[in-house]
Amino acid sequence: MPGDGIPADAVPGDGVPGDGGAGTPGGRVREPAPTVAGWGAVLLGAAVVVAVVTGGIGPDGVAVDLAQTLARAAADLLAVVAAGAALAVLLAPGRTPGADRVLTAAAPLWSAVLVAETFVRGALVSGRRLTEVRGPDVLEFLTGPRAGAGQLVAVAAALALAGVAGSRPARPGTGPGPAALALVLVVVAAAAPVATGHTAASTVAWFAVPAVVVHVAAALLWLGGLGAVLVTARDADVLAVALPRFSRLALGAVVALGVSGALAATARLSSPVELVTTAYGAVVATKIVLLAVAAALGGVARSRLRAGRLPVLAWAAVEVLVLAGATGVAATLTHTA
């Protein structure tokens, strides 16, 4: 929900009176509960559908291509979950005791998914089936293409994140170790594979690579922060603290996402015409549309919030679904020709 200057007393909570939305007895309004599983399903489904449409899953290697698509989408999903857990601590310090449990569970799972993706990429590089992949095939991927180095960095950062998440906080409820450090490790792990792939090999790598890193960071701040706000929204006190802060953060993230995305796209697109004439361009164009819709939904939610109208979180939940779809689309960009 991009914007700032939102008064704290305009933040709706569970059972706060309002003038819109579905009412409950006594004129009190109950915001909808978030559907985290639904967001994940949209992300994974979008990744598979777009990969099929753009040729990312071909008839000669369905198993390997599908495994690559799902592994990348799952890694992106866990990156968002980890970012959301860290942001929950930063947006509402001392009020989110469950954040450490979320990150403690997500970090090792993310590490495992990245390791599994490494084996899949080894199969792609060697041309073998998944059941035929051997150590030398994985080593060839890790030491050959630039993306291999990025995968190593991602795995190392995710493992470091697991260590940070496993450290006990100084005080109960203060979060999974240093939350800011956790967020930095999330960005490193999420950005490394993308920044060291096709982008690093382009002629404009000197500005496209930093743009990709900024793009990933902005996306994690927007989607992860929004997810964190929605998941903790059943506590009106937490929402009153977190939502105004996230609204200001989201505005900067949306601007950074748009500018960095345009710069990063130049690494693979030589002209705007390729947005409609190439498979990669079509994926980028789809992602642009979805992000624009999500930004518009954020604007609607912000307007309702400033006016003290409910429900607000219902609009934000739809925004998350659209962003999840955009993330699923983005998951196919790493292996779309």
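## Salt bridges in the predicted model

A salt bridge is counted here when a side-chain nitrogen of Lys or Arg lies within 4 Å of a carboxyl oxygen of Asp or Glu, and the structure holds three of them. Side chains of opposite charge can pair when their charged atoms come close.

The model is predicted, so that local features need pLDDT of at least 70 and side-chain atom pairs count only at pLDDT 80 or more, while totals for chains, interfaces and linings use all residues. Residues are numbered from 1 along each chain as its sequence is written, and side-chain values use heavy atoms, with hydrogens and water left out.

R72 pairs with D76 in a salt bridge whose closest N and O atoms are 3.0 Å apart. Both residues belong to helix α2 (residues 62-91), where they are four residues apart, about one turn of the helix; helices here are DSSP runs of H or I with at least four residues, strands are runs of E with at least two, and both are numbered from the N terminus.

R72 also forms a salt bridge with E117, at 2.8 Å from N to O. This pair links distant parts of the chain, since R72 is in helix α2 and E117 in helix α3 (residues 99-126), 45 residues apart. R72 counts as buried because its relative accessibility is 4%, and E117 counts as buried because its value is 0%; buried means under 20% relative accessible area, exposed over 50%, and partly exposed in between, with a 1.4 Å probe and protein chains only. D76 is likewise buried.

## The D137 and R128 pair

D137 and R128 meet through their side chains in a salt bridge of 2.9 Å, N to O. With 7% relative accessibility D137 counts as buried, whereas R128, with 39%, counts as partly exposed.

## Confidence along the chain

The protein chain averages a pLDDT of 76, and 76% of the residues score at least 70; pLDDT is the predictor's confidence in each residue, from 0 to 100. Where pLDDT is low, the predicted coordinates should not be read in detail.
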